[in-house]
Amino acid sequence: MKQPKRHLVTAALPYANGPLHIGHIAGAYLPSDIYVRYLKARRQDVVFVCGSDEHGAAITMRALKEDITPQEIVDKYHKINKKAFADFGIDFDIYDRTSTELHTETAQQFFLDLEKKGSFEVETREQFYDEEHKQFLADRYITGECPKCGHSGAYGDQCEKCGSSLNANDLINPKSVLSGKTPVLKETKHWYLPMQRHENWLKDWITEGTLEGKEHHDPKKWRKQVIGQCMSWIDGGLAPRAMTRDLTWGVPVPVEGEEGKVLYVWLDAPIGYITATKQWAAENGSDWEKYWKDDESAITHFIAKDNIVFHCIIFPILLKEHGKYNLPVNVPANEFLNLEGDKISTSREWAVWLHEYLEDFPGKNDELRYVLTSISPEAKDSEFTWKDYQNRVNNELVAILGNFVNRALVLTHKYFDGQIPEAGELHDIDRELHDSVSQIPTIVAGKIENHRYREALQEAMKLARYGNKYLADTEPWKVFKTDEDRVKTILFNALQVVAKLGIVLDPFMPQTAEKLRQYTNLAKKDWELTENPELLVSGQPIEKPELLFQKVEDEVIEKQVEKLKAKKAEKEKQEAMEQSEPIEFEDFQKMDLRIVEIIDAEPIPKADKLLKIQISLGSEERTVVSGIAKHYRSEEIIGQRVLYLANLKPRKIFGVKSQGMLLMAQNDETGVLSTIQPSRDEVKGGDKVS
């Protein structure tokens, strides 16, 4: 592949509805920062953009929860997250936001350009509507049971547990997050992107790396899970997706007479990358278009796996339809990072928040960068534990890297007054050291360019491992008594390795690398310098070092684990104390609850959780679709009498008309469902519950 003249690197725009945690950092922001720091060390023309995603249902839902305006929410968390990124050393060229006037203008013009080209289909369809709040419900305003995995908290567009893409109509027992009630279907007009028109070129682009018959990128450099998820979507058949929503918060649809409609957040947000580039260019006297439209520019999107479809299917369709924009050459999406044996959950307070880490561990940015890169979830989910954090800091950063650097610098000050000694005759062990370390920068560079950051860091650390072993094997503190010239050669060689570390470690641990360059008086961090076997010159002074890293004691780790557990316990306590919103007695009277007998049951094809159940109300029989297949085999429940909501509006689920709902009890800890059965034999099928 031809090397690009310039790079545009984007990191997923985080929702400005809450603070950042280490899962976010490991997913998109640390890998992208490593990549950009490397490119800049190679003196590449690169622009690194990010910013707050300030529209979408997640924002309004948070505002509703905190009883403040959406603008107050985005202002609050934009400030918190921008500061956390800066304090942690994620070095964006610009951290923008999507609530600016420039972004509104950019997104609206993009929409109008597509509409003019006939890229959309305008249709009137039924959509869920909350009658109590008099509002159409966007995807994230609807929750229910996932028809594919049974997760009870699936959204109207996606199940975050199994990753399946959904339509709101697919959900079992849908509820409005506004009122908690079952919504009704009502007609509304929207602009749809007919994604099915684009399946053929998407296949070629994703799997072959070709676009319109021309070589575009090397598909072997794309991660398997990215290609796999994309092809799963395409092979399943792409469907039209609405590019507008019935909301008041967002970028208004720029069509006269369409007040109360905004652009879909996954049209709005990715255009935020374009807006940020425009803003950066205006502030730096540059041309934004060359980064997005020039054939010699390369775009790389860094995201987590839950955003793959948006960056690899929807946004590329929009860019290609527009006709003037480049498509990304790679989308190195990471899997998820778990925490102490459980999934990170903001709602359950099971997270290590970035701003809290920076408060608890001041000046320890590189320790966290090192650990997160070492366990980066590049090919599969990985796990962060505080004990592993402690072990990696103590056994690798302190015992290997810190120990080697401190020995080399301290001995130079002790024996040669802080002056780099002159090397003499080389021994075999000296040549072995040179041979071992000379190729490492090239190997590290190759790993970074292929987005294999865990392996790249492992290779970079080999410099310190080889250096440490070299000093241990040559024992200059013993040899000095009998052969001062030999010690000069040993320390000259060791200091060259320290200098290389000051460049090769910079993408991963910039604070540490900067210290190493200061200690050795190495002015530049250009990657090409690593090709020089002697970065430092004899007679050059070096600075007195301080310890690079401090051991993490057991009590520090225990405190963090207890902090996690305490927050989770407090959250669970709050949730247990919270009661459902009171209802009027008249509302309860509307529910027709009955005891029914199950007379038949069978699985529904292609729906792992669903059973088609025949029930008897005594005088009549009905069909109910129930999501209990993972808790009961069909033959187990035949003959049981259960509680049934009889006057729920019928709806089709997987082609079966479901007439009501069976009511079950769920264990809060295990999630196991149990039927609720009457205790007296006198109760018969069809009897009303009152």
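So, what covers the buried residues of H2? The cover includes helix H3, residues 70-88. Helices here are DSSP runs of H or I with at least four residues, strands are runs of E with at least two, and both are numbered from the N terminus. Within H2, residues 57-66, the buried positions are Ala57, Ala58, Ile59, Thr60 and Ala63. By buried I mean under 20% relative accessible area, with exposed over 50% and partly exposed in between, using a 1.4 Å probe and protein chains only. Just after H2, Asp67 takes a positive phi of about 60°.

A quick word on the model, friends. It is predicted, so local features need pLDDT of at least 70 and side-chain atom pairs count only at pLDDT 80 or more, while totals for chains, interfaces and linings use all residues. Residues are numbered from 1 along each chain as its sequence is written, and side-chain values use heavy atoms, leaving out hydrogens and water.

Next, Thr346. UniProt lists this residue under "binding site", in an unreviewed entry; positions from UniProt are in the numbering used here, feature names are shortened, and annotations may be inferred rather than shown by experiment. Where does Thr346 sit? You'll find Thr346 in the loop between strand E17 (342-343) and helix H10 (354-360). Thr346 has a relative accessible area of 44%, so it counts as partly exposed. Setting aside neighbours within four places in sequence, Thr346 is in contact (heavy atoms within 4.5 Å) with His21 and Trp353.

Now over to helix H11, residues 365-374. Ten of its ten residues are buried, so H11 is largely enclosed by the rest of the structure.

On to the rings. The whole structure holds 28 aromatic pairs: rings of Phe, Tyr and Trp (its six-membered ring) pair with centres within 6.5 Å, and planes under 30 degrees apart are stacked, over 60 edge-to-face, the rest tilted. Trp386 and Tyr389 make an edge-to-face pair, because their centres are 5.2 Å apart and their planes stand at 70°. Both sit in helix H12 (residues 386-416), three residues apart, so about one helical turn separates them. Trp386 and Tyr389 are both buried. Tyr415 and Phe416 also pair edge-to-face, at 6.3 Å centre to centre and 75° between planes. Ring pairs also link Tyr29, Phe48, Phe85, Phe92 and Tyr95 into a cluster.

Last, charges over rings, meaning NZ of Lys or CZ of Arg within 6 Å of the ring centre and within 35 degrees of the ring normal. Arg125 lies over the face of Tyr192, 3.9 Å from the ring centre.
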